[in-house]
Amino acid sequence: MPPEEKMLITKKSIEDKKTKTVMIVAGEASGDMHGASLVREMLRIDPSLNFYGIGGNKMQDAGVKLLINAAETAVVGLTEVISKFGTLFRIIRQVKKSLDEIKPELVILIDYPDFNLNFVAPAAKKRNIKIFYYISPQVWAWRKSRINKIKRLVDKMAVILPFEVDTYAAKGFAVDYVGHPLLDLVKPAYSKQESQKIFNLDESKTTIGLLPGSRQSEVVKLLPEMLRAAEILAQKIQNVQFILPLADTLEKKTVDDIVSGFTIKVKVISGQTYDAVSCCDLAIVASGTATLETALLSVPMIIIYKISPLSYFIGKMIVNVKNIGLANIVAGKTVVPELIQEDVSGNRIAAEAMDILTDAERKQEMIKELAAIRSKLGNPGAARKAAHLAYDML
């Protein structure tokens, strides 16, 4: 269905129901997941609320009428955005048109700062629409000056990491800490043994998970090196099997096409990501929310990160954190190894994997440190707390 038709349907349903309307914008797989939880909690408070906006399958399933599918907006790195300019400007026009036609009472932004702060928030502010921001941009890591922009545009901010409160307070902006939403979400439905049976995995084999990210651009960069590492590991480890939990924002064909170019056999699993990861003895994970999800499952991992050379060069000048992986950042130290840029190669990944798998003491210490991360993230109930903050704005 064309986006214009979706907009008209949304508008009509709002007019018919005469309910309060919320526009919600999430541009990535993690935002789609957290947005869905937030919407469900807000609908528990008031089932008559009407939601529309930008998101993925999870938000759609939660009751959001999609103006745009988030897969169209997913890019990584500064230079990678250039190739998406045409699509992004078309989306921006649709967002502004919807604000004028539908006139939502509230706009909820979820992370995705370059798009949300540069385009959606100014458009909503210009139209005197209240703005709730759930899940802060990583201003503590880079471009802290964005806090001034957030203060100017955003009416209320809910943060999910405890140290973010002080970061904003230093700039004179009071924010609400709600805890981390992953504490409620990262819960396998089955035991490890049950999951192994469901996925037809051999429990006697070493299981290695490949998590190449949720954006097509990063999968194209990272998955081939993961597969080269898998081929090396298959030669070194007698009984080994590989699984790939597929992100909701990816087409299975994208992954299958890349995997078909290698000799290694990989079981691609759609849905049930947490159950799949919980089966792993080791995971190779693209930097992002997945590293924290893997940490909460206490699965040893290797974090990998690769963007264009120019994006990385610019990033190095403005990023001020020791670690790039969210699991390590929350831990406050390097708990799991990080391979960045040129170090993201089949040989280096395989070498790190072998070191972890053959060093029982190191592996056990890593599991212990990963388990400790949970206690650093506060208490469960983030989406519920955020939902009440947002609803109060209505």
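Leaving aside neighbours within four places in sequence, which residues is I324 in contact with? I get S287, Y305, I329, E338 and I340, taking contact as heavy atoms within 4.5 Å.

Ground rules for my notes: this is a predicted model, where local features need pLDDT of at least 70, side-chain atom pairs count only at pLDDT 80 or more, and totals for chains, interfaces and linings use all residues. Residues are numbered from 1 along each chain as its sequence is written, and side-chain values use heavy atoms, with hydrogens and water left out.

I looked up where I324 sits, and found it in the loop between α14 (309-318) and α15 (326-331). Helices here are DSSP runs of H or I with at least four residues, strands are E runs of at least two, and both are numbered from the N terminus. I324 is partly exposed at 28% relative accessible area; buried is under 20%, exposed over 50%, partly exposed in between (1.4 Å probe, protein chains only).

Next I checked helix α16 (residues 346-358). Its buried residues include I349, A353 and I356. I see the buried residues of α16 packing against α10 (216-236), β11 (282-286), β12 (301-305), β13 (338-340) and α17 (360-373).

Last, I went through the rings. The whole structure gives three aromatic pairs, with Phe, Tyr and Trp (six-membered ring) centres within 6.5 Å; planes under 30 degrees apart are stacked, over 60 edge-to-face, the rest tilted. Y112 and F115 make a tilted pair, 5.7 Å centre to centre with 40° between the planes. Y168 and F173 pair edge-to-face at 5.9 Å and 70°. I also noted that ring pairs link Y112, F115 and F119 into a cluster.
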